[in-house]
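Here are my notes for your first read-through. Keep the structure open and find each residue as you go.

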Amino acid sequence: MKKAVNNIAEDKLAVETIKNGTSREKELSFTALYNRYFQLMLFKIMGLMKGDRDVAEDLTQEIFAKAFAKIEQYDGTYAFYTWLFNIKNTTLLMRSVNPL
């Protein structure tokens, strides 16, 4: 449980740095979040996409791009990963309604 608590605190600090830091600090903080959650997100999407890794990687990239673009909307009410996975769910839902 301590690991999860550490991630929540680290995530909040990273988000605050992305919102208020220098360009370099923002880049490093977003990279840290990306590295922490990319594999987890990828494997969850791959399971939904029947193992199509290329599609899953594209969707994962899209989700992280959306998260970065919307980072100002993150208010810390929920854990960052909860917010990120909500973006994932919305993206996948919209993709199923409007497939490419």
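1. Start with a term. A polar contact is a pair of N or O atoms within 3.5 Å; within protein, one of the two must be able to donate a hydrogen and the other to accept it. Now apply that to T91 and K66. Their side chains are joined by a polar contact of 3.2 Å.

2. Before going on, note what kind of model this is. It is predicted. The average pLDDT of the protein chain is 88, and 91% of the residues score at least 70. Which elements have the lowest and the highest mean pLDDT? Helix α1 (residues 2–20) has the lowest, at 84, and helix α3 (residues 53–69) has the highest, at 92.

3. Stay with T91. This residue lies in helix α4. Is T91 buried or exposed? Its relative accessibility is 4%, so T91 counts as buried. The cut-off for buried is under 20%. Leave aside the neighbours within four places in sequence, and T91 is in contact with L59, E62, I63 and K66.

4. T82 is found in helix α4, which covers residues 80–97. T82 has 38% relative accessibility and therefore counts as partly exposed.

5. Now take helix α3. It has 17 residues. From its first C-alpha to its last it reaches 24 Å, close to the 24 Å expected at 1.5 Å a residue. At the start of α3, look at D52: one of its side-chain oxygens comes to within 3.3 Å of the backbone nitrogen of D54.

6. Which residues of α3 are buried? They are A56, L59, T60, I63, F64 and A67. Why do they share a side of α3? They cover an arc of only 135 degrees around the axis, and this puts them on the same side of the helix. The buried residues of α3 pack against α2 and α4. The face turned away from that buried side carries the exposed residues D54, D58 and A69.

7. Next, the aromatic rings. How many aromatic pairs does a search of the whole structure find? The search finds 10. One of them is F30 with F68, an edge-to-face pair with 4.8 Å centre to centre and 70 degrees between the planes. This pair links distant parts of the chain: F30 is in helix α2 (residues 23–48), F68 is in helix α3, and the two are 38 residues apart. F30 counts as buried because its relative accessibility is 15%. F68 is partly exposed, with a relative accessible area of 39%.

8. Look at a second pair, Y74 and F80. Their ring centres are 5.7 Å apart and their planes stand at 80 degrees, so this pair is edge-to-face. The cut-off for edge-to-face is over 60 degrees. Both Y74 and F80 are buried.

9. Together with Y34, F38 and F64, they form one aromatic cluster. Recall that F64 is among the buried residues of α3.

10. Finish in helix α2 with L28. This residue is found in that helix. At 46% relative accessibility, L28 counts as partly exposed. L28 and T60 are 32 residues apart in sequence, and 19 Å apart in space from C-alpha to C-alpha.

Key:
Residues numbered from 1 in each chain as written. Heavy atoms only, no water. Helix = DSSP H or I, 4+ residues; strand = E, 2+ residues; numbered from the N terminus. Buried < 20%, exposed > 50% of the residue type's maximum accessible area, 1.4 Å probe, protein only. pLDDT = per-residue confidence, 0-100. Phe/Tyr/Trp six-rings, centres within 6.5 Å; stacked < 30°, edge-to-face > 60°. Expected span 1.5 Å × (residues − 1). Arc of directions from axis to C-beta. Contact = heavy atoms within 4.5 Å.
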